[in-house]
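Biologist: I have a structure to go through with you. Could you put it on the screen before we start?
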Amino acid sequence: MAEAHQAVGFEFTVRPDGADIKLSQEVIKNIYLSGVTAWRKRAIQFKNGVLAGVYPASPSSWLIVVIAMISTLYTRVDLSLGMIDLIKENLPRGYMSVQTGKVLSAILFATLLWLFLIYLLRYSLKALLSYHAWIFESHGKMSSSTKLWLSLIKMFSGRRPLLYSFQASLPRLPVPSVDDTIDRYLESVHALLDDKRYKQMETLANDFRNTSAPQLQRYLLLKSWWATNYVSDWWEEYIYLRGRSPIMVNSNFYVMDLLYITPTQRQTARAGNVVHAMLQYRRKLERGEHAPLRALGIVPMCSSQMERMFNTTRIPGIETDIVQHLSDRKHLVVYHRGRFFQVWLYTGGRHLLPSELEMQFQRILNDTSEPQPGELKLAALTAGNRVPWARARLKYFSQGVNKASLQAVESSAFFLTLDDEAQGYDPAKTGSLDGYAKSLLHGKCYDRWFDKSFTLISYTNGKMGINTEHSWADAPIIGHMWEYVLATDCFHLGYTEEGHCKGDVNKGIPPPARLEWQIPKECRETIETSYVLAKQIADDVDFHGCLFSEFGKGLIKKCRTSPDAFIQLALQLAQFRDQGGFCLTYESSMTRMFREGRTETVRSCTSEAVAFVRAMEEEDKTNGARLELFRKAADKHQNMYRLAMTGSGIDRHLFCLYIMSKYLGMDSPFLKQVLSEPWKLSTSQTPQQQLNLVDINKFPRYVGAGGGFGPVADDGYGVSYIIVGEDLITFHISSKFSSSETDSFRFGQNIRKAMLDIQSLFKPTNHKTELPLMNGVSKGRKKDV
């Protein structure tokens, strides 16, 4: 194996005339360089840890405070108010002179004063960050109090913060009042229920409010005081890790490559550059050197989810899974045509160069060996039900070569699949984006390791993509890394004229090592069972990618409305035209302005949205009346989104009250009803977070395609969208072929028409469309299944 080649640093031979030791200078040099790199890395991590630990102060400020205190010893002014003398009296006597004792007392007092000032600054910043009125102000209209607040934030934030500098200053997620949550919930379902059903729900809600709610709320408040975040641990455990159904399609999501550009057609070269860029990102992540994300460029957001991006695997269990995060690992596991290879990412204390990674991946492509029995579809275990996988892991992978190989997979930095097909968006090929999405989401059901934090997928035509396990983090986290990687790949690393990675190659690097498996017949049967189930799920996914280029964020902003609200109302109009009615709608918003925050739900189908959609379908309504209803609905949506972001959402609070009721053995018909309501329309926006990496005005074709996820409900739609630049919006639409009520292509056409119809309210003469209203089955796609 490769590690064996690198571990042997000398030859030891016993001869009659004594021992003959032959040192390998190359290996000894590599060992020396590895040690130097490791100590340098620890030193940088320690330094950055200190900088983040004392932020918003700096270590140099300690020296300033010490000098200031010592200087007062030679004046008549005692700034310590007698504290220095008190400390001096309690120091051990007989070991130092009076002068030394006085100086040491001044240093100790200065250190305590410095620590006190750090905590004062930190808690002052936390108090400032708990102010959220700024987010509710109209765009372009900032009150004087918010301007003062922003000035104070800038002043207390210090200079050049590191990734984790603000963590200790972020406020805790507040627990909303029960009355507010129930009132907002009833308001959110009022438009979806008839009078009789609404009265029943109102009765259940008020009964809950007056009986068990106060006790549950007290326990939840207690948890919020004790835990860092009262939602996130339960959300991860009960929404993700305790689920026993397959995570492929149902939980994992994907991220696409650049939409129009493929930097090189060579599969191994593109993989080499991208993997090297990921290693650069990981190095900065481990050292905390990435700049923290900040709303408005000022208000910091939590970075804790980023800690588990690499070297992380979801481990299956009988009752619940666990997320295993390891420290720095120096290898990668690559899958190609049914074989698993271990590739070392370091040599001589440095990352492999892109050209060296290209060589390693090409060696894998050139390997003509066949898969071992059971190896081809082994990863299907991660695509099937969790309990059979957990039992198989305990029975067949707990000893011998299987244990060693599985440990190599689960401890790897991430998983790479060198796919054997071409994918990507091709304007000349109908459905190319649809096939690309399905390949990233589930592939062949056995060629992605769905338990890894993410699987990097490399196609034969140079296109890339990512499949991400969801429990450890949300989409913006992996999106942040992917933005960095694509920009680094295209604008910093680059390729030769022949499409290869730049740089020389050290051909003495040991080749990738095949992982060995000894899979018995019974395990192969379990693998096949998992594969059959996963294949059924994958074949049922109906995907459609819709590129909306008629207009984008630029034109929407000229209409003086929020692009997200515009799109969400278009989705409501499309949903009504597609299904003939309204449904409970899920839109994800982030709560990362709070420590360890993840997401909250925005219930987009409001009474105002329903009124607007109905007006759009009533012929006697004027465009002026429709536009007025649109603005009311958009304002309502923006307000709900802001409430969700600032900790005043509905669903996470009700979810935690439900979990608390289960712990206490209390039955709540209201909470049970709320948690069982299906989200027939589930939506999410993929944000662009690092606009400074690529100048889209200068390079308009270097735009990402975003990502998507599988359908949440059997008879509903999953819609992910990304607003790209000023003139493009990409929609990723999923549903199930098995449902006669849904059709992803049809829904995409309805979205397009809804967007154009809403825009026509602002400028009726523009964007006339001949697209018909789509309902029923389109193009026979359902009938062919």
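Modeller: Ser 668 sits in the loop between α22 (651–663) and α23 (669–676); helices are DSSP runs of H or I with at least four residues, strands are E runs of at least two, and both are numbered from the N terminus. This is a predicted model, where local features need pLDDT of at least 70, side-chain atom pairs count only at pLDDT 80 or more, and totals for chains, interfaces and linings use all residues. Residues are numbered from 1 along each chain as its sequence is written, and side-chain values use heavy atoms, with hydrogens and water left out.

Biologist: Is Ser 668 buried or exposed?
Modeller: Ser 668 is buried, at 7% relative accessible area (buried is under 20%, exposed over 50%, partly exposed in between, with a 1.4 Å probe and protein chains only).

Biologist: What lies 3.2 Å from a polar atom of its side chain?
Modeller: The backbone nitrogen of Leu 671 does.

Biologist: Changing topic, how many salt bridges does the structure hold?
Modeller: There are 39, a salt bridge being a side-chain nitrogen of Lys or Arg within 4 Å of a carboxyl oxygen of Asp or Glu. One of them pairs Arg 282 with Glu 286 at 3.9 Å, N to O.

Biologist: Where do Arg 282 and Glu 286 lie?
Modeller: Both are in helix α11 (residues 267–287), four residues apart, about one turn of the helix. Arg 282 is buried at 2% relative accessibility, whereas Glu 286 is partly exposed at 26%.

Biologist: Which residue forms a salt bridge with Lys 377?
Modeller: Glu 528 does, at 3.6 Å, N to O. The pair links distant parts of the chain, 151 residues apart.

Technical notes: Polar contact = N/O pair within 3.5 Å; in protein donor to acceptor, adjacent residues only side chain to side chain.
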